[in-house]
Amino acid sequence: MTKDELNQIISASLSHYPTVANRWHNGDPTVGAMLSAMRDMLVAVSDDVAQSVLEPFVKSKPKTIMADAINKGILPIASPCQHFVWIKNTGNFAVNLSAGRALQDNLGRQWRLLSSVNIPPQTTQKILCEQSFLVSNEFVVGVSLPFYEHAIQTENDSHIAMLTLVQSHTGQLVRYAPKLMNVGKGELCFSLSSTDFKTLNLVFGDDDRVGRMAQAGERYRLDVVYCDGFIDTNELKQAVLSELYDEPERSLSFYFFEPSRESAESGLVRQGANPPTLSHLRLLASYPMAYDDNAVFLGNFDMLLRKHFGERANYLAVWNEAVHERHYGASLDNINHLNVCVVAKTPADQASLEKQIAERIGLADNLFLGRVRFMTVSPKPYPIIIQGNLSGIHDLDEIKSKITGLLLTHYGKGSLIASRANPDGFNRQEMARLIYDNVPAFSDRISDFVVIGGNDRQKPHEWVYLDPASISIELNRSADGGTAMWGL
Amino acid sequence: MITTDDVVAMVSHWLSTPKNAYFGQNYGQDLKRELLKNTNDFNADRLIAEMKKDIPILATLSDNQLGIVVQHGVDEHGVAVGSFERVRVVIQVFGVPIPISE
């Protein structure tokens, strides 16, 4: 119940008492004060009721999913796109560009050079750039409080990609410790927290328990790198320097492809990724609690990779020795190896995605450092048959295309459900519920349908998804045409 | 139809309601705060402004329909009128005076 709904109910009930209604509408406190107090109390109670409705098995409310993600330490952090830029010098002087120089692409996004470069006259140089910009500011700790929090400012339409914190007067780099785990007393470090999945807070420790308390008057320098997350790299054409420092810099041109176009080499190094979306978080919410970023069990590794790379992959599966031998037979080579199958959303991103996954697994558990095997994915459209009867009033072809469209958005290539290993194939019960909820034609008592799918086991390297050819729909008109049934 | 009596009732209600008396609302006055101040610091305009915020209908009244009269313990010539440690505050709505606590 919202305030507005209750106000409408109050107005409606008061219409029996015109004098009082008049006083209520004119803001008479002798009437209004207690009515609004009761109204506000009901708003608070109904909020409470809504939150305490149990979700025993599947978390589905955005509020619970958000709370779960925050509890698990998943943060709204994006990763920036990295791309090569070819710099062509058409002038007569050599030009030096230092690392960190800002470029702007054709859509006004900011890029930074990741290293310094010297471009001799009449030559072309290739250099790595990152789509991000740095905002640096200093803040003073206002009060000495245990677990002092400092809000990080957000930039319009940009996501936070990374940050570094430096204690100004000592120049000491403050270590990032997720959730202040494994931190001793008095050790200078910080954690990050979020309360609404939009803003980020820095959290310091407490001298008596964990970490070090921020003292009033201490100054810290905070460098935050913001980026735009996912960008369509096909649209990248040219760039210009944001500011010109020098006359010879006018003769430079910047391209996101090789200007002579001798080779079709793609300049993409790493595709950007947005912070996890709500549907992604819903999937992550069904995993058990993870210990910061230290994966232990197989499920932890799955979650770890999904948390960091889920937004960049169309298919992502990770399995250990035991699962591997069950599907592919025993071999000595399997011992202490972790197997990963990944399909990047942008094909050019595949190599760097695999490299980063191997690094991330090594960070979580150094047993697997250098022992991650990447398997070739075999795409496998999953055949399903939908059989059913439909009452006479519906158009069969329209319903068929509706079902196909619905299934492809939820189970097609690139969908969230198809992005994980489904050893038993897809869950037909969920599929049937999805159709029932979204195709109103099946809601009468005559129409009926059943979803039939294969029961064979899928191996982890098999990317199971639905495509238009794998869905066959056999719908017939209901034979029950004559009886006047309105629904029993 | 809202009459003068209703408006007087509203003002009396406001005067007898301390702040935070109603759940979730800032409605009410905090006259006790004035006791801790010098009697010369009594600011009638602030009191009227707060009252107008809580009772929207008062905002439609003109200045001579709603007034506040403050009687200090001494008059402008420094001659004692009544007790010197008291301030009498009277709020007038449409000329109907409502005395508030001394």
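How many helices and strands make up the secondary structure of chain B? The legends below begin with that chain in this predicted model.

**View 1. Elements and surface of chain B.** The secondary structure of chain B consists of three helices and three strands. Read from the N terminus, the order of these elements is α-α-α-β-β-β. Chain B has 102 residues, of which 36% are buried. Among its contacts with a separation of 6 or more, 41% join residues 24 or more positions apart. Chain B has an accessible surface of about 6,300 Å², and carbon and sulfur atoms account for 53% of this area.

**View 2. Helix α8 of chain A and its packing partners.** Helix α8(A) covers residues 350–364, which is 15 residues. The distance from its first C-alpha to its last is 21 Å, close to the 21 Å expected at 1.5 Å a residue. The buried residues of α8(A) are Ser352(A), Leu353(A), Gln356(A), Ile357(A), Ile361(A), Gly362(A) and Ala364(A). An α-helix has 3.6 residues a turn, so residues three or four places apart point the same way. The buried residues of α8(A) pack against one helix of chain A, α6 (298–309), and against the strands β16 (268–270), β17 (313–319), β18 (338–344) and β19 (372–374) of chain A.

View 3. Gln167(A) lies in strand β9 of chain A, which spans residues 159–167. Gln167(A) counts as buried because its relative accessibility is 5%, and buried means under 20%. Leaving aside residues up to four places away in sequence, Gln167(A) touches Gln172(A), Val174(A), Leu188(A), Arg212(A), Glu218(A), Arg219(A) and Tyr220(A).

Key:
Residues are numbered from 1 along each chain as its sequence is written. Chains are lettered from A and ligands numbered from 1 in the order in which they are written. This is a predicted model: local features need pLDDT of at least 70, side-chain atom pairs count only at pLDDT 80 or more; totals for chains, interfaces and linings use all residues. Side-chain values use heavy atoms; hydrogens and water are left out. Helices (H or I, at least four residues) and strands (E, at least two) are DSSP runs, numbered from the N terminus. Buried means under 20% relative accessible area, exposed over 50%, partly exposed in between (1.4 Å probe, protein chains only). Contact means heavy atoms within 4.5 Å. Accessible areas come from the Shrake-Rupley method with a 1.4 Å probe; for residues, only the protein chains shown count as cover. The expected span of a helix is 1.5 Å times one less than its number of residues.
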